Amino acid sequence: MANPVVPSSGVLTPLGLDAVRLDPGFWGDRRTLDQDVIIGHCLEWMDKLGWIGNFRSEPRRGREFADSEVYKLLEAMAWTGDRRFDELAATVVAAQEPDGYLNTRWSGDRYRDFEWGHELYCAGHLIQAGVARWRTAGEHPLTDAVRLAADQVCRRFMEGHEVCGHPEIEMALVELYRLTGAERYLEMARRFVERRGRPALADIELGRAYFQDDVPVRRAAAFGGHAVRAMYLACGAVDVAVETRDAELLAAIEAQWEHTVARRTHLTGGMGSRHTGESFGEDFELPPDRAYAETCAGIGSVMLAHRLLLATGRSRYADQAERTLYNLVAASPALDGRSFFYANPLHVRTPGRVAEDVSPRAESASRAPWFQVSCCPTNLARTFASLPAYVATATPGGIQIHHPTACEISHDGLTVRVETLYPWSGSVAVRVLEAPADPRHVSLRLPPWAAGAPHPGDTVSRGPEDLTPVRRGSALVFGERVWAPGEVVAAELPMEARWVRPDPRVDAVRGCVAVERGPLVYCAESPRDEVRLAEVVVDLSRPPAERTGDELRSGAAGDAPAHDGPPHDGVVRVEVRASRRPEGDNGRPYAEAGDTPREEELTLRLVPYHRWGNHGPATMRVWLPAG
Ligand SMILES: [Zn+2]
């Protein structure tokens, strides 16, 4: 199974890259962009900066975890069958020591710094790259190297109390166990998960909570500390729980996920409120301007939600994965695939500068081509490369489409083509191309915003009456029936733009609203702050109105120039009525309370959040004051 996650049990069976092929469309275009641009971009930068040369014993360059970026790129190449894989893999394999140890930073001085060394973190990414290669194209010198490396880790760490300051190897070892059946990998992963929080690491300036070592995994109430670390650890814990049938551990992660999504997650799906420690904040501490919401934390959140979906079948996990994919993961890369957001705030007050070189920090007002800590671009590369694996799942009775996107799905004799312009359009048609002789169902997840509307009577159904779907939980289910090639079923999801308000406990955005349409979060973007977004107040008395792209080419106030994104991105813009409420400058940013007169009514044009920042420096805000 060409899939990054293949649990041995669970409610849903994942369908991998051998079962799902993306067609041109929102996600298919991004995977193509990955193959054509992003992977090569990452390769060029790492070559230029010497991170690949590190494996050739050239003077060591880059941060202590730079090896992991090369491994994530190898993983991306494996998922896409990139012809440059062999050469890069050979460079990596040549650097392995005879006992299996492989790390260009700590060779000769290994395992001295568990808090910051990232050695096991890097090993985890190496293992995932090998697993990707193994599952897509069979064994390879890299997969031999991966087994050697994993065995070295098991020999060194099976006894003792050590863990890596950055979780990652846990899920990698479980996946290697799933692939090889070698129980030591699962047992090693289980021990790494259980050792945390006893505690296993030194107390550091940021506190042990930074690396989830303040409380045992199964006793935590919510995700906390460094958001990427928290997501990766939770992924590993779910994997261990599923393989060891540890229902208590799985339930603990589910409860932590619920708490975190309910109280510690931005509208975009972004996780991590604090720049200090790149960490989660307290409950409802979700400031839009100071949101950190690292791209890798979003990717980790999608990885976790996918694992929980497979284990439990609850569509709630796919709902959150969708929110995060469209509004965080898709937002990171520029439309041309050559620069990236690291942090993803929901409010930018000052237009950024166009970065053309390595950014020394997680710049949030503009995308950068590369970073000194460059975890996000390669993480995107491997995630886009493996996107087909997130689209659909199977059960013995049929297939479940969790993320409608143009694609072809083939499983156990049933082949269907999903035809849709989602998320621009809510029409989703499923055309049967090939059908087995026994009955099957095809189900389509209904996101929460669609849950009220499309009951069976509202859906379009062509052909025989038994093609009309039934509502089962939060899915539309077509069948179960014996299908014939050529039959089409279709659903129409309601795509009207809608206002969204925050829980009042999210103090930072109290009194504000945001706009969503389908799965997309929208934002106001103002090139060079031409419409001073700090002064805008929106008028809730009229609903947000849709505008398609072309009629807005003139670049009127608040509008970005016509898009130049992927060809199948029929971007839909939204406009809302607003006015400016400028404050006079009285020497301090406070005044006697009372009504301020409104001035200058205007139409505020909103763009999907994932597209912002593609047309030069701009200010941006998702949450808009309402009055
Ligand atoms: Zn990152």
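How many residues of strand 11 (residues 440-445) are buried? Six of its six residues are, leaving the strand mostly covered. Buried means under 20% relative accessible area, exposed over 50%, and partly exposed in between (1.4 Å probe, protein chains only). This is a predicted model: local features need pLDDT of at least 70, side-chain atom pairs count only at pLDDT 80 or more, and totals for chains, interfaces and linings use all residues. Residues are numbered from 1 along each chain as its sequence is written, and side-chain values use heavy atoms, without hydrogens and water.

**View A. Strand 11 and its two faces.** Arg-440, Val-442 and Leu-444 are buried on one side, and His-441, Ser-443 and Arg-445 on the other. Strands (E, at least two residues) and helices (H or I, at least four) are DSSP runs, numbered from the N terminus.

**View B. Strand 11 and its partners.** Strands pair if DSSP finds at least two bridges between them. Strand 7 (residues 398-401) runs parallel to strand 11, joined by four bridges. Here Ile-399 stands opposite Val-442. Strand 13 (residues 475-481) runs antiparallel to strand 11, with five bridges. Leu-444 has Leu-476 as its bridge partner there.

**View C. The Arg-445 to Glu-322 salt bridge.** A salt bridge puts a side-chain nitrogen of Lys or Arg within 4 Å of a carboxyl oxygen of Asp or Glu. The closest N and O atoms of Arg-445 and Glu-322 are 3.0 Å apart. Arg-445 lies in strand 11 and Glu-322 in helix 11 (residues 315-329), so the pair ties together parts 123 residues apart in sequence. Both residues are buried.
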